[in-house]
Amino acid sequence: MRLRSLFLPLAAVALACGVPAAAGNKLVVAGQRIAVAKSAMTVLPTSEWNRLGARPGRAAETWTLDGDALNDLTFYGGIESGRPLFREVSRKTKPLPTVSTTMLVTDIPALLENSYRIALGTASMTIGTIEPATFAGAKGVHFTYSFVRQDDTLRRRGEGRGAMIGGRLYLITYEAPALYYYDRSAAAARQVAESAQL
Amino acid sequence: MIVRRLMAAMLAATAVAGAGSAAEKVPPLPPYVAAYEPTNVDERGAWMIADEDERRLRDSADVMRDPALNAFVRGVLCRTVGEDRCKGVRLYIVHVPAFNATMRPNGMMTIWSGALLRLRSEAELGAVLGHEFGHFELRHGLADFRNRRSGTDLMAWASVLVANSAAFQVDMVGGFYAFDRAQEKAADMIGVRYLAASHYPSHAAADIWDRMMGEADATAIGRHRKPDQRYAAGFFASHPTNLARATYLRSAAAELPDADGSAGVDGYRAAIAPWLPMLLDDQIRLNDFGGSEYLLGQLAVGGWATPLLFARAELYRMRGHPRDLVSAAGFYQEAIARGDAGAEAYRGLGLALMRSQQVEPAKTALREYLRRKPDANDASIIATLVAS
Amino acid sequence: MRFVRTMLAVMAATMLAVVPVQAQEKTGVKPGFTLQPGTARIVLLRPSIRVGAQSTAGMFEPNADWTQQARENIGRALAKAQGQLGNTVVDYVEPVGADAAALAEYQALFDAVAQSVIEFQFFPGNRLPTKKRKDQFAWSLGADVARLPGLSGADYALFVTTEDHFGSTGRKVLQVFAALARVPVTAGVHKGFAGLVDLHTGELVWLNADLQMGGDVREADGADKRVRQLLEGFPGRPAAATVVASAGR
């Protein structure tokens, strides 16, 4: 009941606009370097993926194998200073933290964690390990995380690779239910993330 | 559902301000009926959903199951409403960093971890739990559902019939809130009755609202919004609606015979202490600088304890403006100077200094972090910062 | 990352149940999958059943009496149908404690998979390109599902979920006005999925899923019809071939 009342303003939007436009999902073919997230970042997948028509934010896009509830590979392509990672549900009441040009690599997992905590309304979002990693040729970070959405029983695991390059945030995350799905496509997702170039 | 309704009260001062007259009569406690069963279709339906929600909640990872904490909170509930009433309630402490508590018609009560962070004494906790129990005793869940149903009916019609239904929308939301305010008041009045019947001082109920309103305003200001115009006499000025609520609660408390019992400030602090670092960490991750700063200031009224200093330092470092980083480094150093700070204080200090381009002092602090916590989850990446 | 979109979708479903007008598929079978009558032992998990009314705005109003009726009716209809599925179908014994949580997580996973099948395979306009290939139906819960207690010795697990929101009179009148205003509004949500999971591999070998099912589950006849629709094309049933041909409605 509580959630529903929070959604009321949003409901009005949905009522007014009707349903979001049909998606237009596109095949991502194997073996071809491709630009992602409307940015200069490119990746070279060695297996097929689907790119969802619906984007989580202006400079972001999501690939999946079975639907984004089951496996979700999201690219954030050079989020500039002052911008949140993804679209805000309500800028007024639930503003998301924003990217800053002076962020350290260790601030990247914290930005994702705090953004998820706010957007998903769950304090279950926690970061696992944080390690140094080369990302798109830059000094970056690799980290793991896990969370359960509010009112859900499905535990999800995730991992991210990212770096601050030229004052912008480049980040690739992969997440899936801990049961079966995470392990199933983790290798394919890692391969894509590790192929990132700018 | 305290906070939403509090906000509701903020949105429209008029009704509550009117209701705040000191001549308010406190209704007697209704006779308690144990093992109440739902009687009609709507009520049975609401119970069924509540039962299903409870089955899910029982297995949820969000429930804080620590036996000592649960025994403490339940003990306060039982001392407030009495052993008989207490037996009809299953109480869940839910890990959600917001000030809220809920009551479902089947006897499932929740209190959110954000409330535990904001309350200060057993009496205040009892006031909140007693308020929620009041909804249960008055069977508010059901009326709530009926009211909301007719509300959304109107909205669906509006969306078809009215090209731009935004204005209408606002009126409808006001309608919900007006309804909520009436229920809140009823629950407030019965809640204060429980407190009076308990050994806790009954004025505790009135004490909570000043801080809530101050926090809401601080949140708005921190987000470069004006606090609600009707209260904007100044940052810490008193709030009419809040005063109204505090006033009727205070006058009700004065009217009732009250025990001389302790409010239980020390007991409350001791019970929450093991959880304080986690509760603070949840709070500062909400991207609510103004509200968090206000809350920390309130918690530090008796002095800045180490967990409060550390949380404040983290809050400033996360916002990360150049001046924030200087402040953050100062707070970390204060925390460290107190002698009982964790290794994370050195980590934060090092990272704040690093972002401020003070590379060598930064590395010294980070080295100390690694020395104190060699198996930290971020040890390898911190080591690269030290080596760079 | 599907916060906003999910919420819009939820809102659309809850508030106004605007359903794409396109034709939608309802049944998927793993290519080449067959089940001979009398060869398998199937465990029927406790069906998830919810029934209520849908007010004008589309809000779900739970109705315990209806749900109880539906549980009894569907239980009876399933029991009747069980004997005609061509294989041994036994009821699952509910676990308790930690095992109950494990079962709940698998049921959540099944629901997530079934929703994904509907969203990304059955709706042609939104189908994932990799799921467009001819005769493809590759979905799974993972082989570890067989480790749930009480499933040893079984070959398949049958999951059944139904949720019904009956349209109120107000909603039906709204539907007429909305049609004049060219806003698509449906009266009622009648969704159901039934899925057969191979416990040796974890694969979903058969799924029947629809957001607009027939049959009033509050009545015995309706529940029979619903169960018939849910089990349409159920593999391994005598004369299954003729039913598969008439899949859909």
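Tutor: Chain A has 3 helices and 10 strands, where helices (H or I, at least four residues) and strands (E, at least two) are DSSP runs, numbered from the N terminus. Read from the N terminus, its elements follow the pattern α-β-β-β-β-β-β-α-β-β-β-β-α. Please keep in mind that this is a predicted model, in which local features need pLDDT of at least 70 and side-chain atom pairs count only at pLDDT 80 or more, while totals for chains, interfaces and linings use all residues. Residues are numbered from 1 along each chain as its sequence is written, and chains are lettered from A and ligands numbered from 1 in the order in which they are written.

Now to the sheet itself. In chain A, 8 strands make an open sheet with antiparallel pairing, in the order E1-E4-E5-E6-E10-E9-E8-E7; two strands pair if DSSP finds at least two bridges between them. At its edges are strand E1 (26–28) and strand E7 (126–135) of chain A, each of which pairs on one side only. From one strand to the next, the twist averages 25 degrees. Angles here run from 0 to 180 degrees between N-to-C directions, and axes are lines fitted to C-alpha atoms, for helices over the stretch in contact.

Strand E4 (residues 49–51) and strand E5 (residues 60–64) of chain A run antiparallel and are joined by 2 bridges. A:Asn50 has A:Thr64, in E5(A), as its bridge partner.

Helix H2 (residues 107–120) of chain A packs on this sheet and touches E7, strand E8 (138–148), strand E9 (155–165) and strand E10 (168–177) of chain A. The direction of H2 makes about 30 degrees with that of E8(A). Helix H3 (residues 181–194) of chain A lies across strand E6 (72–79), E9 and E10 of chain A, and runs at about 160 degrees to E10(A). Touching is judged by contacts: two residues are in contact if their C-beta atoms, placed from the backbone, lie within 7 Å. Among the contacts in chain A with a separation of 6 or more, 44% are between residues 24 or more positions apart.

A:Tyr180 sits in the loop between E10 and H3 of chain A, and its phi is near 65 degrees, a positive value in a residue other than glycine. With 19 other C-beta atoms within 10 Å, A:Tyr180 is partly exposed. For this label, a residue is buried if 20 or more other C-beta atoms lie within 10 Å of its own, exposed if 12 or fewer, and partly exposed in between, with C-beta atoms placed from the backbone. A:Lys38 is in the loop between strand E2 (34–35) and strand E3 (42–43) of chain A. A:Lys38 is not a glycine, although its phi is positive, about 50 degrees. A:Lys38 counts as partly exposed because it has 14 C-beta neighbours inside 10 Å. Over the 198 residues of chain A, 52% count as buried.

A nonpolar core is a set of buried Ala, Val, Leu, Ile, Met, Phe, Trp, Tyr and Cys residues joined through C-beta atoms within 7 Å. The largest one has 193 residues, and those with the most contacts inside it include A:Tyr76, B:Tyr332 and C:Val197. Helix H3 (residues 98–122) of chain C gives the most to this core, 10 residues.

For a comparison, turn to the sheet of chain B. Chain B has 19 helices and 3 strands. Its 3 strands form an open sheet with mixed pairing, in the order E1-E3-E2. The edge strands in chain B are strand E1 (90–94) and strand E2 (101–103), each pairing on one side only. On average, neighbouring strands of this sheet are turned by 15 degrees against each other, direction ignored. E2(B) and strand E3 (residues 108–112) of chain B run antiparallel, with 3 bridges joining them; B:Ala101 has B:Ile111, in E3(B), as its bridge partner. Helix H7 (residues 122–137) of chain B packs on the sheet, touching E2 and E3 of chain B, and its direction makes about 25 degrees with that of E2(B). Of the 388 residues of chain B, 47% count as buried.
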